[in-house]
Every structure is written in C-alpha cells, then in structure tokens.
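I am opening my notebook on a new model. I will go through it piece by piece and write down what I look up.

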Amino acid sequence: MSNLAVLPIILPLVSAITLIFFNSKVNISRKLTQIFSVISLLVSCYIVWKVFTDGTIILETGAWVAPYGIILVMDSLASLLILTTNLVATVCAFYAPHAGLEKKESYYFYPFFFFLITGVSGAFITGDLFNLFVFFEVLLMASYGLIVLGGGKVQLRESLKYLLINLFSSMLFVTAIAFLYAVVGTVNMAQIGERVQEVEQQGILTTIGILLFFVFATKAALFPLYYWLPKSYIVPNPVISALFGALLTKVGIYSILRVFSLIFVYKLELTHELFIWVAGLSMVFGIIGALSTNNIKLIIAYNIIPAIGFILLGIGTFTIDGISGSIYYLIHDMIIKSVLFLLVGVIVYVAGTSDLRKMGGLIHYYPVLGWLLFISAFVLAGIPPFSGFIGKLLLLKGAFASGHIAIVIIGLLTSLLILYSIMKIFIYGFWGDKQMLGNLEKKSTKGLIAPVAFLLTFSVLLGVGAEFVYPHIDSIAAYILDPQIYIDSVLKE
Amino acid sequence: MEIITSILAGILFATAIYNLLQKQLLRIVIGTALLSHGAHIFILTMGKLKTGQPPILTDGVSDYTDPLPQALILTSIVISFGVTSLLLVLAYRTTKENNTDNMEQLRGKSNE
Amino acid sequence: MIFAVLIPLIIACFIPLLSKLKEKIHTGIFVLFVPLSIFLYFVQFLGRDFNPIRHTYNWIPSLGINFDFYLDGLSLLFALLISGIGALVVLYSIFYLSKQERLGSFYVYLLMFMTAMLGVVLSDNIFVLYTFWELTSISSFLLIGYWHFKERSRYGALKSMLITIFGGLSMFGGFILLWVVTGTTSIQEMINQVDVILDSSYLPLILGFILLGAFTKSAQFPFHIWLPDAMEAPTPVSAYLHSATMVKAGLFLIARFSSIFSGSEWFFIVVSLVGIITLCWGSYMAVRQTDLKAILAFSTISQLGMIMAMLGFGTTAAVFAAIFHILNHATFKGSLFMVAGIIDHETGTRDIRKLGGLITFLPITATLALFGTFSMAAVPLPFLNGFYSKELFFDATLHLDSTTFLAQAIPYLAVFGSIFTFVYSMYFFFGVFTGPKQLDKLPKKPHEAPIGMLLSPIVLVAGVILIGLFPNIVNAPFLLHAAQAVNPEVEFHKVAFWHGFNTPLKMSLIVIAIGIILFVTRKKWSKVYTILPGKLSLNKVYDQIVEKLDVISGAITRSYMTGSLKNYMSIILATTLIVSFVFMFITNGFTLEYDYLADVTILEVSVVIIMIIAAVATIFTNHNIAAILVLGVVGYGVAILFVVYRAPDIALTQFVIETVTVALFLLCFYHLPKLRKSTDSAGTKMTNLFISVGFGALMTMVAISAHSSNWFESISDYFVETSYKLGGGHNIVNVILVDMRGLDTLFEIAVLGIAALAIIGLIKLKKDKGAQ
C-alpha cells in the first residue's frame, strides 16, 4: 500500500488537468471541484489513519531505491498537514461559488486551485531536497496564476513584486541545494541528514543551512523578509487569500521545521538561537503592522507574520514542548487563518468596503457573522479553551524551560495585541447604532457562512478536544527531535 | 578552474542583483535572466568539472562527468523558462495598465 | 460539583428559546432559578466540621489540564457570594430591565459569567482557572458593551478587556513558569512544594506575573482606570461583576497563592503597598465624582485596595479581617449599587448635582442607603457590619510582621484613606436624600420604586444588620474555614463590638471627627483636586497608549512598507548577506582546497572573461539592442561552458531556450519603454553596489568552500552503474530525468503548463477588458 503516499499529489493534479477542460462551464467546474476536494479529503483521512496505525509510508518513486531515486515520505507530521490542507481546500471549494468571483472563475481558477494543492502536498511529503524545490515551483506558479487572476492595476503591480521576490529566492534555493550536494554528494534529505551528522555539521555546512533558512524564511514571511506578503495577499479575492494565508507561508515554515530538525541540528546554539530572535522580531513587527491599518483584510494579512513567529519560536527552543507547540500552532493557524480570511471576505462583501472607519452596526443585520468573528478573535489570540491556547501553552513552556524569558513576554504581549487587532473589527465594525448602517442593503450570505462555521468548529475541537490530538502531536515531536528515526525509515539498511 | 567558474557565477549574481535593484522594469527583467545563468553555472561547478567523459555510456569508458547536476540544471532551466515567460507577460501587462515601467512609481498607497 | 459550575452555561444555551416568550414572561424569571439552586447546593456545606472536597473530571490529562474542583472554605465563601448575590441581582434585573431590551443576550452573558466565576474560585488546576478567568473577562466585556450603540459603552468595554486580558495573559505566563518549576498544575500540590518555588530563581518573575494578573482584575492602582468606565454596563451588572464578584477574583487569586508567596518579603511589600495606595487614591478620588455610580466605582476600588493590603499583611488577624470584609463589602456595596440603580430608574439621572431631598419621595430607598453608606463609612454602631471589619483592619495595621518603613507608615495611610471613605459615604447619602429638592432638574418625577426592585437591596441590608448584630454566626461555620484556607494558622476568636477604648477605636474616632469636618467644608477644599490629580490622569495615559499604538504602529509600518520593490529586495538581500557572512565567520566556514581542481585552459578563460564583460555591460548599456546582445552573449557563453564541461544535453537545451528567450525578450523590449540612464543618486548606487558585490562574493565563497569540502562519495556513481542495467538507457542524464527523477520532470512539465495557463489568463483578461 505504499502507493497511497502519492495520492495526495496525484489526485489534485488529475483534478486540475480535468478541470482545464471544463473551464468555460463554470457550473460543472464548481461541482467537480467540490467532488474532487471531498474525495481528496476522504483519502487524506484514510492516509492519516493508516500512518498512525501502521507507521510512516515510504514510497520509492519508480522503484528506484533510496537514496538514489525520489522518495516520498508520508510520516505522521506530513499526513496531518495534508489532512489540514485538504480540509481547508474543501471548505474553500464550497465557499468559492458564493464568493462573487464571477468572471474570475473562467480564468482557470479551479485548475490553479488544484495545482496549488498539488504543490503544497508535494512539498509536505517529499523526502528529496531538489524535489522540494520543484514542488515549491509548482505551488508558486499556481499562486502566480491565482494572484493575477482577473487583475486590475493594483493586482498586477503587487503580483509583479511577489513574483520577482519569489523568483530570487527560488534561484537562491537551487544554488544552495547545489552547494549542499557538493559537500555531501546527495540530495536525499535522509542521507543529507546522515552525512551532516557524520561530519558534525562542520565547515561551510552551517552557512549553507543559513542560506536555506533565508530561502524558506522568505516564503514563510518571517522578519525581515515578509515585505511582499501583506499587500499581495489582500489583493486577490477572499478564497485565494485564505488559501495563501493558510498554506503558502506554512509550507515555508514547515520546510524550516523539517530541514532544521533533520539536517542542521548540530549547531543549535547558533542557528536555533538566531531563530528565536527572528521569531521575536516577527511577532513584534507583524503585530505592529496589524495595528497600523484600518483595512480589515490587511489586519488579517499582517496577523500571519506573528503566527509564523510563534511557530518558529518552538523550532528555535528545540525542546519537546516547543516542537509540539509549533506543530499544534501550525495546524491551528492553517485553520484559523483561512477562517479569518473567509470571514473578512464576507464582511467586506456585506459592508461594501474594507475600511473599518466606514463600518458600524453590522451586528444588527449579520449576528452570526459577528459572533463567528468574535470567537475567531479569541481562537487566534490563544485564549482557552480554543486551539491556539494549547499551542501557545506548549510554545511558552518550551521557551521558559529553555530559559528564554524575554521572548515569552514578547509572546504574551503580542497575543494581547493580536486580540486587540481583531476585536477592533468586532467593536467598530459590528457594534454600534443601527443607524450606522446607513442605507446599506441587507445582503444574503447564503453559502458563505456555513463553510466557515464548519471550519471554525475544528478550531474549537482542537482546543476542547485536545486530549484526542495532543498525545499524537507529542509523539510527532518526539519523532522530529530524533532524526535517526526518519533516516532509518528512509534508508532502511 | 572551479574557482574561476565560481567567481564567474558570483559576478553573474552580483550583476543580476545590481540590475534587480534598479527602477526600470526592463533592467529588473535582465537581472532575473542573469540570475538563472549564475545559478546554473554554480550547479555545474558543484558537480566537479571535467572529471571524465560526457555522461553517455560508451564501451571502454569508466569515468564519466557527474550526471546528476546536469539533470538538475535541465529541470531548473525549464522551470526558469516558464517563470521568465510569465514574468515577461506580467511585466508587459503591468506596464500597460499602470502606464509606467518605473517600479518606484508602482508603490501603491498605504491603505489599498 | 461540575454540574454546579456548568449549569449556568448549559441553561444559557436555552435562553434564546426562552427569550421568545419574553413578551409574556420576563426571561429573568427563568434564570432566577439557576443561581438560587446553586446557592442552595453550596449552603449544604456550611458547618463547623467542614473538610475540603475535591472532584476531578478529566479534560486533557496528557497536559495535566483537568477539571479539578476543590471546595475549601475560601472557595465556599466565594461560591456562596457568586450564587447568592447572583440570585439577588437577577431578581433585581427583572424589574430593572424592561422587556424591550435584548434580554436574551443579557442573560446569556450573565450566566456565562456565573459559570466562569464559579470556575475561577473552584478550580484547583491553574490552567482551568486561567480558562475561566479569561471567560470572566470576556463576559464582562460583553456586559459592559451591552448598550453598544453608546460610544462610552464601546470605549469602556474595550478598556476593560485590554486591561484585564493583559493581566490574564501575564498571569498565564506566571502559571506556565510555576508549572515548569514545580512540574504540577495543581495549586494544592504547589502549596506542598513551597520550598521549591521559593528557592527558584524564577520567583520574582512568577510573583510579578501573577500579581499583575490579580492587580488588573481587582482594579488596583494604577490599573483601576477600567472600573469607572465599566459603569456603562447596566446597573445589575455593576452590582454583580464590578463590585461583588469579578473584581474580587484578583483578591481570590492572591488569597489562594498567599500560602505560597507569603514566604517572600517582596510579596508583603508589593501587595501591601499597592493595596494601601489603592485604598487612599480610590477614596480620595471618590469624593470628587458627580455620577452616583462613579462614586461607587471609586469606592469599590478603594475597598478592594483595603482588602488587598490586608492580604498583603498576611498576619492571622489581617487575613481574617480580609475575609470578613470580602463578605461585608459584598452586602453593603451590592445594596448601594442597587440603590443607585433605583435612583437612576426613578429619577432619570445619576448626577448627584441634580439630586437632593429625595428622602420624602423614596423613603424606603433612603433607609436602605442609610444603612449601606453608614456601614461603608464604618460608623461605630453595633448593627453595621462595616464597622467590625474596619476595626479589625485598623487593628491589623498596628500588628505587622515587618519593621520596614512601609510597615510604620501603613496605619497612618489607613486612617487617611478611611477619612475619605467616610466623606464620600456621607456625600452619597446626604447629597441624594437630604438638602434642597431640585425637581425641575430631574427628567422624571421621582417616586418610590416597585417592591420587586426593593426586594434585593432589602435582603442585602438585612445581611448588613444581621452580621452587625451577630457577627459570630458567620464566623465559625464560614469565615474561619475561609481564613484558614488562606493562612492555616488562623484561630477562632470571637468578634465583638466593644474591645475597650483601644487604639483601633481611637483611629475610628479620628476618622469620624476629621471626616465630619471635611464633609461639611468640602466645597472649600475641593480645589485641591486641581492640584492632585490636576492634569495628571491615568486615563489620559491609557488613551495616549491606545492612540499612540495606532499612530506609532502606522508610522513604523509606513516607514518600511514603502511598496518599493527596491527597498524590499535591499532589505532581504542585506539581511541574508550579513547574517550569512557572520555565520560563515563564526563557524570558520570558509575553506579552500587546491586538490581535485580541473585545469585552466585558454578557451575556457576567454569564454569566462567575455561573459564577465558582457554581464557587467548589462549595467551600463542604455540601448535596447545592445542589452539584448550582451545578454545573449552571456546566455550562449553559458551554453559553451556546458559543452566544454561535458554536458551535451543541457548545452543543447540551453541553446534552444536561450534562442526562444531572446525572441521573447525582443518582443518585450519592443513593447516596453526604452532603456534609460539610471537616475539614482551616488549614495543609492553605492548601496546597490555594496549589496550586489557582497552577495556575489558570498555566493562565490560558499561555492569554493563547498567544493573544497569534498567529504563524501556522490550518489551519482550509482546512476552510472545502473543507467543501462536498470534504466535501459545509455544517456545517463536522460535516464535520470525520465526515470530515476521522473517525478521532478513530471512536475517541471506541470510548472510549464501552469505558466501557460496563467499567460492565457492574462491575455484573455486583456481581451475581455478590451471588449468592455
């Protein structure tokens, strides 16, 4: 059954190609997209179950044995992230037809959508560094396609910047892979890990690691490399924002987690200490960005940055609590970021503006929307009993246990300001006199609320039902902290 | 020779980046082209130059040049080509829509 | 016990259904049964031989987070207050809130709060306590913002949320540290490990974090500023959350942890000092207020400060007095809030300057207020409970365990604060009920409140009198257990009205004497408020912080989020450059080996030199054709190098791709504006030069070092071996591409396909736009 591992990339690829042919028939495309995404979701559920009962699935593509061929490694972490990705994608697939995309859907929206999932899933499961580059390109190319979709002036402009910055980091990525190949003579991640361990990461290896870190940090939008993010993320429609916010940056931080737990772990006092600083600065500058604006889409977009900072913090502390915290937070953030982008999409749609100063009193027309946002704010800020709390608890414990006091204080203050930045939308957008609505018409939010509410329940469940999730996350963290398990399972002998 | 090609690739990177930091879109596009050339030469160099025959199995030859970097370069060239084509079209469209090819005038306002 | 805690939350889920009936039956009538039954449930535990009870329900046992309900004297006291006052408040609200209000929301929030508050006082698990703690902040936020169409409500709600959640998060930090230090999440188990905590180097941090949580919640100076603004909430809420229960959560927390922290000298200093300052400042500021509820808010602040100070003293007498006063304060302050609500309801205003002489219109209310205010002022009468705890307080200030300067000063500060307490109590009563009538200033014609509305304050005032007459009926079965939970050394001693003409009594008499003088002459000295606080206002500090947060964050963000690609690239490049160099330097990364290098031939060097010249030329050329030419030179140069270095496949590919790219470039160059001379300043040029040369150098150095660190055999040998045997091809590169790394190639083609789709999309878009 090792072929199971390839399904998360092949299914969306096939879906994407199929949908190219139905491009002009929007209604069929919509239905097919929903069917395909549900199938992928069910398959990924099955894979998670399989991986958690039988252990990591290793697929040697083309039957070329490791470390020579490309190896797909469907381990517990990858399978969980694939599941989350498909969950978010399914919700987006059901939200998209009502999102008022209109013409945009006929510019190959759905094929790009699935290509993006292909790239993301591939990046999660590949065990080959160069192959990771290829999947990065797939997802980036799909994101370029989505981001320019039906674009006007602003959109084209921001897409161009986004493309150029990513192009540079991609080139740096391949070059760094080549450097690493020169030193260790392989591109298989498990073998790289093994060989780097053998020479104790001496010489130029740490510098190559740092180059890779910056490549991933640019994609993950860490301080000070996130400049491309806020504006290019708010340009497209809410579905695309949600996909980007939930998936793209997470692939970057996932790569950091992988590479800096499997390969470059022998100079922790240098590399991982740097991460903690970067994490702290990302939190501070990210939240400052979120407070700086009255554009509600931008508020959410800026909130991506501190979240990535929190995840990096766990990687930086490199304790079992820190890593479990990072993984928990990663999954939590994938869900809640899509929820928030989709919610804000609805708010912008019903309010007819994204400027908070022009809103008010929306709760009189849209109480459900308001309360969903209200809960999301607490989920995002890590207030118990929601999912963010468990992640934050573990992250901060890891940070304390490793003696990083200052970062905990920064983290706590950031949490407060995250809450403030979202509550601003609730207080100024939803509260207020009915008269503030002016002559705004009450619009139908049919089909938009249900998918979001569905997704939000997972945030609640991840927090309230942590007992069903945390032990697994904890074992994943233990597994991540012992690179030998990964190396052995791939290289076998 | 590897040192020389490394320096060459380094210079290609340097000129690429200098071009990327310019205002005019056309120069930036030139920069991206140079960047991929630089990257490819780095990959080639990393596979040991001239250590054997071209990697095509021939009777009586046991020494071949490292084939893997070549395969990687090929993949990378094709991908770069794809990105470059999209970049060119996007650059063209952006210039037409915004009526300028000066990136400094494509900043946008703070609250868009 | 979990049922007792969660029942309000469960009932809250059904409220939306019940509120449909509100035209017929006030929703509050249904709700009333909830606190009442909880109260009766807890009453059964009262008694002399009470032992702590623990009920555990698993939640997240793998993280040590469980519903560990622990009922001891202290939590019993609070649970009874929460449910008891809760019942009275709900009863009062039935008459206070008309059926036109959004009753459903109101009771949902109120019940949510009830669960949260019961959870706080009953949880032994720090993280469950924290969960409920934040839930109290959230429900308080919603209740303050209940009339959210009012600007002041929104302001007050946000303010209270920011300050209390700030404290909550800080407390959370302290809890995590305690967890790290002790390895347990149970407070009782932590108490068993007092030494571990006191010896920990984290102690100051833990203390600071947790005290911050307590001080913000209990509105201690300088975090008290949210409480006056919280008065925007409906009066039943003020009486309940912002006087009797939620604001006492901080006191509860201190009490809970005092058996751990009292071993630290800092605990005494910080808690006593903050408490006593809050006592003085609150009562001093209360005299100045004109809104009845604002007077009560500052009075609450001051009283909370007094209890806080006593908990800080930590002596057995002080702890007992603190516990006693928690109960007393709930009775008289609760009734006074309800009185203020009645006055507001019946006259239409709470402005004390418009009120006066109401005793003839609202005689019952006036009587209730008389008891409430005089108890608050601690007038020495045997039927006022406030006097007993105040005297115990004075007594405690005189017998401190410390000889510091602070300990010497505390009795004087206590008297100072109490004088103003006396003044505002008199001011409240006499200002409203006596003096000239100003009926013309009132929006409504005043008359006595309906009996239902009076019921709750009557019960509370009955409590004031009852405890005043028989202070010992609550003592042994109730207060003693609570005090012992805070400090196990507390022993039973009878509370009596007359202790002889001792120092505390003298202090009380001084307070009354000076208080009367100050009250009578208050118009003459009211100018003092223009000096202190004068223009000094903590509210302004808060407003400034919130406002500046927006302004400064805007300024910071705008300063670097310029939208300029050049800036973004410069920062990304410079950071990568500097950090990488630093790492290379620290790890001694740079190495240079001359072995295994290929020989240098003239052909290759000439190609390289030509390419370098061409590459540099791209910077200086200002002609389109020349630019294409030099770029072509570089591209074909790369292809020639591929040939020279035995890479026929990529050489071919490079030739083809380069040719197509040049064609594309020609198109692009044709349509885009012509190349121009760079107009950058010399400084910018230097920066660009520095970044680009630096980056080139970095890459070269890493490349040379990587090439020199030839430690392992490449996996390529396997490809050479198996290319024909397993792959069936002589061209190894081809076999790698289509077989060994076929996945790469598949997705490489996918990338091209997506690019093509994206380009079609862009072109279609243009067409569509053209059609419009």
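Predicted model: local features only at pLDDT ≥ 70, side-chain atom pairs only at ≥ 80, totals over all residues.

**Entry 1: positive phi in chain A**

I start with A:Glu200. Is A:Glu200 buried or exposed? I find 10 C-beta neighbours inside 10 Å, so A:Glu200 counts as exposed. Its phi is near 55°, a positive value in a residue other than glycine. I place A:Glu200 in the loop between helix H7 (189-198) and helix H8 (205-220) of chain A.

Next I look up A:Ala63. Its phi is near 60°, again positive in a residue other than glycine. A:Ala63 sits in the loop between E1 and E2 of chain A. It counts as exposed because it has 9 C-beta neighbours inside 10 Å.

**Entry 2: cis peptide bonds in chain A**

I stay in chain A. The peptide bond from A:Ala66 to A:Pro67 is cis, with omega near 0°. I locate A:Pro67 in the loop between strand E1 (57-60) and strand E2 (71-74). The bond from A:Pro384 to A:Pro385 is cis too, with omega near 0°. A:Pro385 lies in the loop between helix H14 (367-381) and helix H15 (387-401) of chain A.

**Entry 3: helix H1 of chain A**

I check the length of helix H1 (residues 7-21) of chain A. At 1.5 Å a residue, its 15 residues should span 21 Å, and the end C-alpha atoms are 21 Å apart, which agrees. Its buried residues include A:Leu7, A:Pro8, A:Ser15 and A:Leu19.

**Entry 4: helix H21 of chain C**

I repeat the check on helix H21 (residues 503-520) of chain C. Its 18 residues should span 26 Å at 1.5 Å a residue, and the end C-alpha atoms are 26 Å apart, in agreement. Which residues of H21(C) are buried? I list C:Met507, C:Ser508, C:Val511 and C:Gly515. Seen down the axis of H21(C), the buried residues fall within an arc of 95°, so they line one face of the helix. The face turned away from the buried side carries the exposed residues C:Lys506, C:Leu509, C:Ala513 and C:Val520. What covers the buried residues includes helix H17 (385-398) and helix H18 (405-433) of chain C.

**Entry 5: a hairpin in chain C**

I turn to strand E1 (residues 53-60) and strand E2 (residues 65-71) of chain C. They pair in the antiparallel sense over seven bridges. C:Ile53 stands opposite C:Leu71 in E2(C). The two strands form a hairpin with four residues between them, and C:Gly64 in the turn has a positive phi of about 70°.

**Entry 6: the nonpolar core**

How many residues has the largest nonpolar core? I read 555 residues. Among those with the most contacts inside it are A:Leu139, A:Phe179 and C:Met310. Helix H6 (residues 153-184) of chain A gives the largest share of this core, 21 residues. Not counting residues up to four places away in sequence, A:Leu139 touches A:Leu116, A:Gly119, A:Val120, A:Ala123, A:Leu248 and A:Val251.

**Entry 7: chain B**

I find 86 residues of chain C in contact with 76 residues of chain B. H29(C) supplies the largest share of the side of chain C that touches chain B, 14 residues. The unreviewed UniProt entry annotates residues 6-21, 28-47 and 67-92 of chain B as "transmembrane region". Over residues 6-21 the chain is 94% helix and 0% strand. Over residues 28-47 of chain B I read 95% helix and 0% strand, with end C-alpha atoms 29 Å apart.

Conventions. Residues numbered from 1 in each chain as written. Chains lettered and ligands numbered in written order. Expected span 1.5 Å × (residues − 1). Buried ≥ 20, exposed ≤ 12 C-beta atoms within 10 Å, placed from the backbone. Arc of directions from axis to C-beta. Contact = placed C-beta atoms within 7 Å. Pairing = 2+ DSSP bridges. UniProt positions renumbered as here; feature names shortened; annotations may be inferred. Core = buried A, V, L, I, M, F, W, Y, C linked by C-beta atoms within 7 Å.
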